[in-house]
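Open the model in your viewer and keep the selection panel at hand.

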Amino acid sequence: MTDSRVERVIQVEDDRTGMSPRTLKRALLDHLTFTQSKDLRSATLLDVNFALAHTVRDRLVRRWMKTQRTYQERDPKRIYYLSAEFLLGRFLGNNLINLGLYDFAERGLREYGIELADVLDEERDPGLGNGGLGRLAACFLDSMATLELPGYGYGIRYEFGIFRQGIADGQQVEHPDDWLEFGSPWEFPRPEYAVEVQFGGRVVTTEDEHGHSARWVDGTRVFGIPFDYPIAGHGNDTVNTLRLWAARATREFDLEVFNDGDYRRAVEEKALSESISKVLYPKDETPAGKELRLKQQYFFVACSIRDILRRYKKTHTSFDQLPAKAAIQLNDTHPAITVAELMRVLVDRERVPWERAWEITQNTLAYTNHTLLPEALEKWPVELFERLLPRHLSIIYEINHRFLRQVHVRWPGDDDKKRKLSLIDEGPPRQVRMANLAVVGCHSINGVAALHSELVKRDLFPEFVELWPERFNNKTNGVTPRRWLMGCNRPLAAAVERRIGSGFATRLDELRKLAPLADDRELQDELWQIKQGHKASLARMVADEVGVTLDPQMLFDVQVKRIHEYKRQLMCALHVIVLYRRLRFLNQDILPRAVIIGGKAAPGYARAKKHIRLINDIASVVNADPVVAGRLACVFVPNYSVSRAERIIPAANLSEQISTAGKEASGTGNMKFQMNGALTIGTLDGANVEIREQVGADNFFLFGLTAEEAAATYARGHDPERHVRGCEELAGALELLERGFFSPDEPELYRDVATYVRQHDPYLIAADFADYLACQARVERAYLDRAGWMHKVVKNIAHSGTFSSDRTISEYAREIWQAEPVHIELEPYVDPS
């Protein structure tokens, strides 16, 4: 190698990405020309986004190929994460950060008069998730790659995602989320790995040399086409894979039927087949909706299991080593059919004896429970299973038969135990209990926060815990600091780095070094100004998109999350009414406050949608009243998403984590707000418990019943009207609703909401409200003491390191998966020029 080429290699390797600034700039211009067919004068921001994305993608591909080659050569134990949701967020900014290219891209584009932030805003959020479940899965993929663990994600490539939320006359309107309208530079179609998936048909049993044999025949078939997305680790050369499945018809087009003039029937099979991967969580109030939901779940599980076993069989001739080479994690109950599908493939296709197949299945699979709500622990009608997945139903019956024999041995004659533990709820109607199937078929069952894991054992699966106590464990959730600190709050990350170095990017517990600086006036002032800058930015976005003016000098009080009764957005809305009533009718002063709420309600969830309408109607009255202008504002931010969260969370002063104690599994939004310097007002629910333990009671605004107190309240009979009578301000707020104050054109519109709180109150709003108001008063007093508030802010940031998804994934790898890191060593890049 000549001296000049050695010099070029050294220059290149000074940059971990393996590319010099000169080469990257040339690559960007080349992609603008040859990929987008544009020059700088004619290029739109979308063109620049695609050109930059392809430039970054090229750098990822070398690492991706090297990662996969290394896995093939070393044959490590691989981790397969099956999830119905992956709420990824935009790819470009995150990949720039993980490759160490963000600052270069920012400087380089600025030379052409282009702001990187404007370019990043051109990317559509992938519509592949709805809330915390999907965002957690995305954080976990990032952490697996950063920790150099050989991990794969498997899910569905939803063509239209959940939905794009619009607001019309205050009400949620669902629009198709066409996130793939302009294509995605980050996906790689892999049609060569297509999988055929079967539905319906019948089971034929025969006898052969292996004994009893079953074949699943007839029915309909659909292809699963994989699309791969590269998932880059931070500060290393690992690039793992997210593989998403799209449904395609086995027959695209019936030309004979078309030529006969029946144009609709000619494409009918294609439309029905491809509906499987059209939208996330189709409404399941109808039989057709239920059938589609079950089809979706089986579709991606069947494709993924076939793909996992195809990869395994490349280097193994028997399945004895499968548990040593594959760890399959089920993210909630949506993929629970994996238990029956893996058994079907092993027993029917691979001719593994039942007992050995069951041992392999249990030792390979693990299950994460994400909810205590009965409606989220899926049950499917036996009739639907029999019609759609007849072979799986027969397998589930056999698993249940053998399992109930174990139950009988442990508790002879205890029919009540059998009834509770059975995989079949005898109804009526008879239903398959998917959570029970997951517990029986997996070697590990974990909750996602310390309190949640205890409630899973105590309230959800107590009989299973008696039977298999060793299977149950806790893995408290976490979030990736690459997106939720370094990406969404670069000024804060820079301020932290100047004081403690950059190690927190992959060792977030190093943030503890900030704790001694909690009273440092220079740090406090800098963090205050950073927060004010984010608040001003959010105020501009709200003014542009919602038409509401927010004063950044106000306290920004934020509740953004999926809309659900147990999350108690209604409590937050009632608090706005209380504040408005103080200003408007009682002539009391308040701390100037902007209440910012956002989130989507499931299309069929009428009560949650009613609460969205109420919030918007309250906001319309409050924001139009000159008497309260500058002292109180309320806004509902539509179409909440990852990219919206990245704008809202850094701007929050107060994080509302106010779910009914004992209802929230963990929450991850609470962690993101904490990491970005918001203080929490919350109940002892989910991971709030551990956040408060970490930051200290003085740095957390606690109110409300505990989970035990809430359970006792339910047990003795909750009397919400008594609590309403005991809280004059709650009674006054409900009276305004009953009078139609916020709905003058429909005075009776919200009377049912008031009745809901007064007479039913299933999530204990009335029981907690007086304490909530007292806690909000403590918030106001604390915010008026700027130095004291900033002391709490620094303490919260300093103690957020525990809630890194890197810590969570390390625990999964060590305690459930028994998986080891695999270091990827990329060969030096040599510029061919």
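Now widen to β6 (residues 195–199) and β9 (residues 220–232). The two strands run antiparallel over 5 bridges; pairing requires at least two DSSP bridges between strands. Strands are DSSP runs of E with at least two residues, helices runs of H or I with at least four, both numbered from the N terminus. In β6, 4 of the 5 residues are buried, so the rest of the structure largely encloses this strand. Buried means under 20% relative accessible area, exposed over 50%, partly exposed in between (1.4 Å probe, protein chains only).

This is a predicted model: local features need pLDDT of at least 70, side-chain atom pairs pLDDT 80 or more, while totals for chains, interfaces and linings use all residues. Numbering starts at 1 along each chain as its sequence is written, and side-chain values use heavy atoms, without hydrogens and water.

Next, the rings. There are 28 aromatic pairs (Phe, Tyr or six-membered Trp ring centres within 6.5 Å; planes under 30 degrees apart are stacked, over 60 edge-to-face, the rest tilted). Select Phe403 and Phe464: the centres are 5.9 Å apart and the planes at 15 degrees, so the pair is stacked. Phe403 sits in helix α16 (residues 390–410) and Phe464 in helix α20 (residues 462–467), 61 residues apart. Phe403 is buried at 2% relative accessibility; Phe464 is buried, also at 2%.

Then pick Tyr71, Tyr80, Tyr152, Tyr154 and Trp245, which form one aromatic cluster.

Finish with charges over rings (Lys NZ or Arg CZ within 6 Å of the ring centre and within 35 degrees of the ring normal). Arg157 lies over the face of Phe227, 3.9 Å from the ring centre. Lys672 lies over the face of Trp484, at 4.5 Å.
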